[in-house]
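Subject: The two-chain model

Hi,

Here is the structure I promised to pass on to you. Have a look at it first, and then read on for my notes on what turned up.

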Amino acid sequence: MDLYEHEARGLFEERGIPVSRAEVTDSPQEARVMARRLGGSVVVKAQVKTGGRGKAGGVRLAADPAEAERTARRILGMDIKGHKVGKVMLAQPVDIESEFYVAYVLDRAAGSFLAIASAAGGMDIEEVAAVRPEAVARIPIDPAEGVTSAKAGEIAEAAGLPPGTVDVLVRLWEVLVGQDAVLVEVNPLVRTRQGHILALDGKVTLDDNARFRQPRRGTGSMACDDPLEAAAAAKGLNYVKLDGSVGIIGNGAGLVMSTLDVVAGCGARPANFLDIGGGASAQVMADGLTVILSDPAVKSVFVNVFGGITACDAVADGIVRALDEVRLTKPLVVRLDGNNAARGRALLDERAHPLVQQATTMDGAARRAAELANAG
Amino acid sequence: MAIFLTKESRVLVQGMTGGEGMKHTRRMLAAGTNVVGGVNPRKAGQRVDFDDRAVPVFGTVADGIQATGADVTVVFVPPPFAGAAVVEAVDAGIALAVVITEGIPVHDSVAFTSYAKKKGTRIVGPNCPGLITPGQSNAGIIPADITRSGRVGLVSKSGTLTYQLMYELRDIGFSTCVGIGGDPVVGTTHIDCLAAFQDDPDTELIVLIGEIGGDAEERAAAYIREHVTKPVVGYIAGFTAPEGRTMGHAGAIVSGSAGTAQAKKAALEAVGVKVGNTPTETARLVLALLDTVRQAPHA
């Protein structure tokens, strides 16, 4: 889960990383009051979980509280790369002497964390790395050792950062470990003309798997933007909304991803990703169908199940019982294969629902579901 | 032969007495796996009956190894305790730890995979279906009755796609199928499996299944170019996945331009790997390639 800038800033501040003074609001009137509190002139920053908001006009300097209010009004509600701005952060302007980049990222290939640091901060680090790879230091971190002062010194030296950044590097590692984050990034980390080191902007991505031991998690930023995703999340379903017309239900993340691809290969677009997992009980099937059928873009539904551990007759039974609970409004194409597939298919044949049809292969079923969606 | 797991493997199950542990231990035994014990500190000294077999429960992995000579452990321990369970197994000197548990925090996976590397334990997983050498042994949750022993090796991030391909190729059979897991950090990679299959005289052809996220498939392609002479057939899932969204598996996410299915397919094809557009087409490519290999003059 990605955090908003102001949430990341809060975690940095808690851990003793110096940040500029700032406040957050969703109201232009309040922005004016806050600007006054912060000394008059402020930087108004859109809070969105995407890069490039500066270029999109989501970061502006306001000279006084009245301008802060006008600017906040203009930025709030703005659409930045599909992300609607719900809040702005007002920050005291900083007199910048130099800008740096520091981050800890998960290096999947190495199976450990990597420090990335550069004296060329303030820009897109991937661009810097592409144009001047020598300007970006990459130092692997031994998970058993972590980032000690000595290690932080090594990172700072490799990247050409001033000694004042060493303490920030140690504390940033503490944020990563303490919060179970998979990414912490400060860009830019700046030195002011007064010689202070400040984290001006930050990005933190938390590990969803660690929620059980991070009790403070799960507030505002967890809310889904999409109402269908919110409804699915409330039912505990693993659902992602897409923009097509074939609703998809399958078991296992890999098979569902593959199902989306096969449907796309048949000339239709999938409406969603929904993995109902190994169990596939009648309740989960009913919940899944309910969410998918409430999507007005859906013209047909494709249930693709390979019975591995779960037997297909149990899955078919789940579908049959779900049909009693949910009013089917769109054609449903079912493909059952694997364990007890024949018995499962027979159960569905017995139910003989007019909108339910079966196909014996994944490719054949995808073709049928695509045809139905394109005809509907 | 096969890789990592044979009928000689002596298997412990950590978390055997829990619901999933019981269910899958029964299935593993039915598949012929030599399950020599369970581990649960609170039930040490007890025996658990599975049909015709009473399996002893040990208090620690070390006790289990000492009493039975176990060299493999299958871990069903829930996420909050899984990390410590794996470290315990590594400290006890187990050769192979198969971590089925889904939902382990990445910091824990980083810690135990790197620790295991230092200590010489192979980890498969976490968040994986395990591995099966059909007809010999099954360590994990892969259904053993889909297919039989044969000469195709399979490595995959995804459980259900593994089952799907095993089913499509059920008449051909497999040497070993390894589900390496869908988490961002896993103990055994595609490359580890490619290397082992290349050296395994029982494996004639390798199926490599990948999905969006990271660059494991691209790295596997580079490895194939340098080190693999056996034919490899690939399949990649996630062409239609939108950027920035996690598709079920914690590691299945396209970040910016990195981790796309297109890039992975292109990387594999560039080194001569045939990549199917659907699981069924992938199976057909395997069959066609096997025919060619088997009709080669020296055969």
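**Two loop residues with positive phi**

Let me start in chain A, where A:Ala352 sits in the loop that runs between helix 11 (341-351) and strand 18 (356-358). Please keep in mind that this is a predicted model. Phi of A:Ala352 is near 45°, which is a positive value in a residue that is not glycine. Is A:Ala352 buried or exposed? A residue counts as exposed if 12 or fewer other C-beta atoms lie within 10 Å of its own, and A:Ala352 has 7 such neighbours, so it counts as exposed.

B:Asp51 is not a glycine either, yet its phi is positive, at about 50°. You will find B:Asp51 in the loop between strand 3 and strand 4 (53-58) of chain B. B:Asp51 has 8 C-beta neighbours inside 10 Å and therefore counts as exposed.

**Two cis peptide bonds**

Both chains are worth a look here. In chain A, the bond from A:Asn187 to A:Pro188 is cis, with omega near 5°. A:Pro188 belongs to strand 10 of chain A, residues 181-192. In chain B, B:Gly125 and B:Pro126 are joined by a cis peptide bond whose omega is about 10°. B:Pro126 lies in a loop, between strand 7 and strand 8 (130-133) of chain B.

**A sheet in chain B**

Next comes an open sheet of 7 strands in chain B, with mixed pairing and the order 3-4-2-1-5-6-7.

**Helix 5 against helix 9 in chain B**

The axes of helix 5 and helix 9 of chain B come within 9 Å and cross at roughly 45°. That angle makes helix 5 of chain B oblique to helix 9 of chain B. The crossing is right-handed. Helix 5 of chain B brings B:Leu161, B:Gln164, B:Leu165 and B:Glu168 to the contact, while helix 9 of chain B brings B:Pro279, B:Thr280, B:Thr282 and B:Ala283. By type, the residues of this contact are 4 nonpolar, 3 polar and 1 charged.

**Where the chains meet**

How many residues does each chain give to the contact? Chain B gives 45 residues and chain A gives 43 residues. On the chain B side, the elements that supply two or more residues are helix 3 (79-91), helix 4 (106-119), helix 5 (159-168) and helix 9 (279-294). The residues on that side of chain B divide into 23 nonpolar, 17 polar and 5 charged.

Best wishes

Note on methods: Residues numbered from 1 in each chain as written. Chains lettered and ligands numbered in written order. Predicted model: local features only at pLDDT ≥ 70, side-chain atom pairs only at ≥ 80, totals over all residues. Contact = placed C-beta atoms within 7 Å. Helix = DSSP H or I, 4+ residues; strand = E, 2+ residues; numbered from the N terminus. Nonpolar A, V, L, I, M, F, W, Y, C, P; charged D, E, K, R; others polar. Pairing = 2+ DSSP bridges. Buried ≥ 20, exposed ≤ 12 C-beta atoms within 10 Å, placed from the backbone. Axes fitted to C-alpha atoms, helices over the stretch in contact; angles between N-to-C directions. Parallel < 35°, antiparallel > 145°, perpendicular 65-115°, else oblique. Left-handed = near helix turned anticlockwise from the far one by under 90°.
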